[in-house]
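Let's take a walk through a protein model together, one piece at a time. Keep the picture open beside you and look up each residue as we get to it.

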Amino acid sequence: MNSKLTIMNPKVDEFLCNAKHWQNEMIQLRNILLACQLTEELKWKQPCYAYQNTNVILIGNFKDYCSLSFFKGVLLKDTDNLLEAPGENSQSVRMIKFRSLDEVVQKEAILKTYIYQAIEVEKAGLKVELKENNALEFSEELLRKFEENPNFKKAFESLTPGRQRGYNLFFNAAKQSKTRISRIEKYFHQILDGKGINDCTCGLSKKYPICDGSHKDIL
């Protein structure tokens with residue numbers, strides 16, 4: 001593939017400029033991803049990289065590490081044993097964690113093979129075969145909310161399996177109970193409205209029902 005850098009998104013520039021942790025590491029990861037001809041956007045408050053409008057990889061910024069998350073990482077050949085599941089219930093996403101700039105630099109060639117694999121997965125139109133929703137394990141906090149509010153439980157169960165899974169993964173990813181509760185409360189009304197975690201709520205998205213960040217332009 002052509003190694004020429006693609007266009008840098010100014011929203012990602014701002015994100016990296018304001019990053020308090022892992023700034024240099026994420027900049028290096030960004031350069032590697034752009035060299036692989038992926039389109040750069042800011043989604044879910046993180047740099048996101050797409051191939052022909054399909055999300056492929058997300059740069060993550062955490063307290064103890066930064067990461068590359070492959071949306072269909074389970075389909076990749078993990079030749080160097082780098083991929084990790086972000087949670088017990090993660091069926092598709094796999095991530096690579098980094099804890100130093102040297103680690104990113106040293107693994108650049110290997111990372112590009114994983115990135116190109118992910119692109120080939122999209123070119124081939126491969127899909128991840130997800131388990132049925134009854135395989136999901138809900139947190140105690142979510143189950144408690146179901147008991148407290150039957151309408152909320154009904155609304156959640158009325159969501160598509162993919163939307164249910166998206167919320168469940170997000171809630172379960174929080175290590176502390178208070179964080180899980182906060183996340184559930186934050187998306188309480190969105191769930192009641194029948195919308196997924198990444199769905200547009202302002203009605204301005206050009207990719208409706210998917211959110212494209214148009215709400216940020218509202219003054």
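**Finding your way around**

The protein chain has 9 helices and 5 strands; here helices (H or I, at least four residues) and strands (E, at least two) are DSSP runs, numbered from the N terminus. If you follow the sequence along, the pattern reads α-α-β-β-β-β-β-α-α-α-α-α-α-α. Before going on, note that this is a predicted model, where local features need pLDDT of at least 70, side-chain atom pairs count only at pLDDT 80 or more, and totals for chains, interfaces and linings use all residues. Residues are numbered from 1 along each chain as its sequence is written, and side-chain values use heavy atoms, with hydrogens and water left out.

How much of the chain is buried? Of the 219 residues in the protein chain, 41% are buried. Buried means under 20% relative accessible area, exposed means over 50%, and partly exposed is in between (1.4 Å probe, protein chains only). Now for contacts, meaning heavy atoms within 4.5 Å. Take the contacts in the protein chain with a separation of 6 or more: 59% of them are between residues 24 or more positions apart.

Let's start with strand β2, which covers residues 46-51 and includes Q46. Is Q46 buried or exposed? Q46 counts as buried because its relative accessibility is 17%. Setting aside neighbours within four places in sequence, Q46 is in contact with F15, E41, L58, I59, G60 and N61.

Q52, although not a glycine, has a positive phi of about 50 degrees. N53 isn't a glycine either, and its phi is positive at about 70 degrees. Q52 counts as exposed because its relative accessible area is 61%, and N53 is exposed at 66% relative accessibility.

A cavity is a set of points, on a 1 Å grid over the protein atoms alone, where a 1.4 Å probe fits but cannot get out; lining residues have an atom within 4 Å of a point. Grid points are joined across faces, edges and corners, and a volume is the space filled by probe spheres set on the points. How many cavities of 30 Å³ or more does a search of the whole structure find? The search finds 1. The largest cavity holds about 40 Å³ of space, and its lining is made up of V56, F71, K72, G73, L76, A118, V121 and E122. Sorted by class, that lining has 5 nonpolar, 1 polar and 2 charged residues. (Ala, Val, Leu, Ile, Met, Phe, Trp, Tyr, Cys and Pro count as nonpolar, Asp, Glu, Lys and Arg as charged, and the others, Gly among them, as polar.) Helix α4 (residues 108-123) gives the most to the lining of the largest cavity, with 3 residues.

While you're at α4, find I119, which sits in that helix. I119 counts as buried because its relative accessible area is 1%. I119 and N55 are 64 residues apart along the chain, and their C-alpha atoms are separated by 10.0 Å.

Now for the helices further along. The buried residues of α5 are E141, L142, K145 and F146. Seen down the axis of α5, they fall within an arc of 145 degrees, so they line one face of the helix. The arc is that of the directions from the helix axis to the C-beta atoms. The buried residues of α5 pack against α6, α7, α8 and α9, while the face turned away from the buried side carries the exposed residues E140, E147 and E148.

Helix α7 (residues 161-172) has buried residues of its own: Q164, R165, Y167, N168 and F171. They are on the same side of α7 because they cover an arc of only 165 degrees around the axis. What covers them includes α5 (140-148), α6 (150-158), α8 (177-186) and α9 (188-192).

Last stop: G196, in the segment after α9. G196 counts as buried because its relative accessible area is 2%. Leaving aside neighbours within four places in sequence, G196 is in contact with R163, Y167 and Q190.

Terms used
1 Å grid on protein atoms, 1.4 Å probe; cavity = no way out; pocket = protein on both sides within 12 Å on 5 of 7 lines; lining within 4 Å.
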